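Look at the model below before reading on.

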Amino acid sequence: MELVDVLEAIHAQLPRLGERIARRIRAEVPAYRDRDLIPLDSLRRSCTANADLVLWHLRRAGAEPDSRPAQETGRLRAEQGMPLADVLHAYRIGFEFVWAEILTEARARPGVPDKQLVDRSAEIWQLFGLYAEAVASAHRGASAELAVRRGARRSALVEALFSGVIADQTTLWDVARELGIPDCGPYAVVAAATDSPGTEPLPAVENSLHQSRLSSAWRLLPDQQIGLITLPTSEAEATLLRLLNRSSARVGVSPRFSSLHDTPQALRFARLALASLPGNTKGVTRFDDNPLAMLVAAAPAEAAQLTTAVLKPVLDLPCLERARLLDTLENWFAAGGSATTTAHRLYVHPNTVRYRLRQVERLTGRLLSDPRAVADVGAALLAARHPSVRGGEHVAGGTA
């Protein structure tokens, strides 16, 4: 009796063998239990084909192994979303099952030389190593391709939300589900400035938000990283701001909004908040923190005209005197109009502060006791200090 006779006998029962291997894999590998993902008939056909391939190779000693079916299996399982570890586990079960059948049949047929069994034992596990390598290589390659395609599609969907290309409500719901975000708010939009194209100013932010149970969708642009974040609870916005403040980036945050239709407008608000950060200052600013500053950032040309109309006589002063009056005004607004608090901030006497404020009143023709005049001067001062406003070079910091 030769081993080839054993292999022929097992091959004659190939359909039943494939069925038994399929059921063993389904019983022992959880990922294969999803009948919608891998129907039993499909798994049975795959197991039968692989068993046939192994038996064919063992019956033809010295034949060159054909790894193409293993490669096809690796690609298919990657496309189905099957983890590689589970695919390799299933392959090992299949090989072990086939070898166990060979041993059982050989014992039932006296006379099969032990040396043939030993030789074939080494051969079958060499074959397993070859096929496992082929499966893994194909699975990794297909997974990488799928990841690129999924990333590109996700990026395109996020861009569609931010640009307002999607207007249909049903389509918006579909996009939200595909992105893994709720189809109703509240939400916020974040815009962070990049130091160089392709560099994320908020690395791993999506994962950090996910760990805090905040779903989000992000897009990396050449100059900014922008994101849509869900705010399902009253504490969510504080959590978002805390996570953003851990970075050393320049970040603007929009007001809360409830409809995905408003995403493009929220992005504009986030960018205005980002633009309101002076110079290269790092930090996080919300649109709601200083709405007037956002208006200045939204209309820099008009803000420059406002600065000229209200503060030109002050801006035309010599450098030191101009800076002294503007710093006094800025600290006076920050102190809520208190001359005493302003004096403490500037390390001068309160009467010095009052004198400087009278100078501003005389030069501008606006009384700082008049609320309308105070609004004009405050807006003009904010515009003068804003980096995006033309003419900002007039108002560099000065001295007390």
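## Backbone features

Proline 186 sits in the loop between helix 7 (169–179) and strand 1 (187–193). Helices (H or I, at least four residues) and strands (E, at least two) are DSSP runs, numbered from the N terminus. This is a predicted model, in which local features need pLDDT of at least 70 and side-chain atom pairs count only at pLDDT 80 or more, while totals for chains, interfaces and linings use all residues. Residues are numbered from 1 along each chain as its sequence is written, and side-chain values use heavy atoms, with hydrogens and water left out.

What kind of peptide bond joins glycine 185 and proline 186? The bond is cis, with omega at about 10°.

Alanine 204 lies between strand 1 and helix 8 (205–211), and arginine 213 lies between helix 8 and strand 2 (216–220).

Buried means under 20% relative accessible area, exposed over 50%, and partly exposed in between (1.4 Å probe, protein chains only).

## Two buried residues

Is leucine 325 buried or exposed? Leucine 325 has a relative accessible area of 2%, so it counts as buried. Its place is in helix 13 (residues 319–334). Contact means heavy atoms within 4.5 Å. Not counting residues up to four places away in sequence, leucine 325 touches Val314, Leu317, Arg356, Gln359, Val360 and Leu363. Valine 314 is eleven residues from leucine 325 along the chain, and their C-alpha atoms are separated by 7.6 Å.

Serine 46 is found in helix 3. With 18% relative accessibility, serine 46 also counts as buried. Leaving aside neighbours within four places in sequence, serine 46 is in contact with Thr73 and Arg77.

## The whole protein

The protein has 16 helices and five strands. Its radius of gyration is 36 Å, well over the 21 Å that the globule rule gives for 400 residues, so the protein is more spread out than a compact globule. This radius is taken over C-alpha atoms, and the globule rule is 2.2 Å times the number of residues to the power 0.38. Along the principal axes, the C-alpha atoms fill a box of roughly 120 × 40 × 30 Å.

Of the 400 residues, 44% count as buried. Among contacts with a separation of 6 or more, 69% come from residues 24 or more positions apart.

## The cavity

How many cavities of 30 Å³ or more does the structure hold? There is one. A cavity is a set of points, on a 1 Å grid over the protein atoms alone, where a 1.4 Å probe fits but cannot get out; lining residues have an atom within 4 Å of a point. The largest cavity has a volume of about 200 Å³, where a volume is the space filled by probe spheres set on the points, and grid points are joined across faces, edges and corners.

The lining has 18 residues, and Ile25, Asn50, Ala90, Tyr91 and Gly94 lie nearest the centre of the cavity. Helix 2 (14–28), helix 3 (40–59), helix 4 (68–79) and helix 5 (84–107) are the elements that each give two or more residues to this lining.

Definitions and conventions
1 Å grid on protein atoms, 1.4 Å probe; cavity = no way out; pocket = protein on both sides within 12 Å on 5 of 7 lines; lining within 4 Å.
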